[in-house]
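Me: I would like a close look at one part of this protein. Please keep it plain and take it step by step.

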Amino acid sequence: MLKHLVLLAALALPGASAASYTVRSGDTLFQIAVQNRTTVEALMAENGLTSTTIRVGQVLRLPEGSGEAAVKNYGYVAGVKVQAPSRLREGDAFTLRLRGAAALQATVRFPSELNEDVRRPNEALRPFRVAGDEGYVLGRVVLGAQAPVRFEVEVNGQVLRGQIPVRENGLPVQVLGVSQDVVDTLADPRRQEEERRMEQAYALRGEPRWTQPFILPGTGPTTSAFGQKRRNRSQDPIRYHYGTDQRGAVGAPTRATNDGTVVVAGKFPVRGGLVVIDHGGGLVSAYFHLSKILVKEGQTVKRGQKIAEIGSTGFSTGPHLHWEMRLRGEAVDPLGWVNKLRP
Ligand SMILES: [Zn+2]
């Protein structure tokens, strides 16, 4: 009877079952969109808004498909239960969970990467241990990918295959109007060395070294979303924004998103003042355009430790922190890690 009443209530209030968000002091529509993995345009359409003005206490309906995807059971292989998200978005990192006596003997591959422009596609991955007979492998969806992610879990000669649908991020193309002297940094001959150092960091593997959730490295509002399609100038080709930008004054602190080892600390033509932290597990975080660097290569850092100060060095048009998360070399959405142990 109770179930029947609930159903009637849902029928009487169309849309009542959809996810919603109540506006808090200081919120902007842009931030709400980014946090809920949707766009300003989609939020406006869903709520019939004619401007981006919102008020505290206002309840916004979230568009279908926004928010977190459910964890889905994909089946068993040699007694090991395989779980992964039910859906993904381009630029997502995700967790493939394995549970069972032989979970840590599994080998996981993502064959769909063979059709994509990624570093070390279809790499054979061994699970990291969570506790007991539970392990996980981190997956990634590169920006621009729209084909389903295909995975293969092999345990003791048996194989389970599955696929996860992927959708576009729906972000519009932004023209930056970058000046010629900033564009010139892209042609700097020292850039080769910069890219070589980054590729070295991207090739790092090893056991994950973090034990707590990730944090935002800056305190300012998010001003440009990860995965934004951009043109430097209106005639330039589209490229992706591989990080999240947080506004901040020159000298404002930049903090380590989690525990790790500093593998790059220096000044470079494009990224400017740069710190890269290796967190293990094939995951590195990078902080660009810094005015002052407070750590040295090889140094161990703790989550929340001040590592640098915000600046506007390198390919930058104003003071901000550009923060990237790279999983096995590919850029994944940094906000997908914040306040979480794993994406
Ligand atoms: Zn940026």
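How do the residues of the lining of the largest pocket divide into nonpolar, polar and charged?

Reply: This is a predicted model. In the lining of the largest pocket, 13 residues are nonpolar, 11 are polar and 13 are charged.

The pocket itself comes next. The volume of the largest pocket is about 980 Å³. It is lined by 37 residues, and those closest to its centre are Arg-239, Tyr-240, His-241, Tyr-242 and His-322.

The lining draws on several parts of the chain. At least two residues each come from helix H5 (191–202) and from the strands E14 (222–224), E16 (239–240), E17 (244–247), E21 (283–290), E25 (320–327) and E26 (330–332). Strand E25 gives the most, with 4 residues. As for where the pocket sits, domain 2 (71–167) and domain 3 (173–336) both contribute lining residues, so the largest pocket lies between these two domains.

The zinc ion is coordinated by His-241 through NE2, by Asp-245 through OD and by His-322 through ND1, at 2.0 to 2.2 Å. Along the sequence, these donor residues follow the spacing H-x3-D-x76-H. His-241 is in the loop between E16 and E17, while His-322 is in strand E25, so this pair ties together parts that are 81 residues apart in sequence.

Are the two histidines buried or exposed? The cut-off for buried is under 20% relative accessible area. His-241 has 2% relative accessibility, so His-241 counts as buried. His-322 has 6% relative accessibility and therefore counts as buried too.

The second largest pocket can be described in the same terms. Its volume is about 480 Å³. Of the 29 residues that line the second largest pocket, Glu-68, Ala-69, Pro-85, Thr-95 and Pro-343 are the closest to its centre. Strands E4 (80–85), E5 (88–89), E6 (93–99) and E9 (134–140) each supply at least two residues of this lining, and the largest share, 5 residues, comes from E6. The lining of the second largest pocket divides into 12 nonpolar, 5 polar and 12 charged residues.

Technical notes:
Residues are numbered from 1 along each chain as its sequence is written. This is a predicted model: local features need pLDDT of at least 70, side-chain atom pairs count only at pLDDT 80 or more; totals for chains, interfaces and linings use all residues. Side-chain values use heavy atoms; hydrogens and water are left out. On a 1 Å grid over the protein atoms alone, a cavity is a set of points where a 1.4 Å probe fits but cannot get out, and a pocket is an open set with protein on both sides within 12 Å along at least five of seven lines; lining residues have an atom within 4 Å of a point. Grid points are joined across faces, edges and corners, and a volume is the space filled by probe spheres set on the points. Ala, Val, Leu, Ile, Met, Phe, Trp, Tyr, Cys and Pro count as nonpolar, Asp, Glu, Lys and Arg as charged, and the others, Gly among them, as polar. Domain bounds come from an automatic or database domain assignment. Donors are N, O and S atoms within 2.8 Å of the metal (3.2 Å for Na, K and Ca); water is not among the atoms, so sites may look incomplete. Buried means under 20% relative accessible area, exposed over 50%, partly exposed in between (1.4 Å probe, protein chains only).
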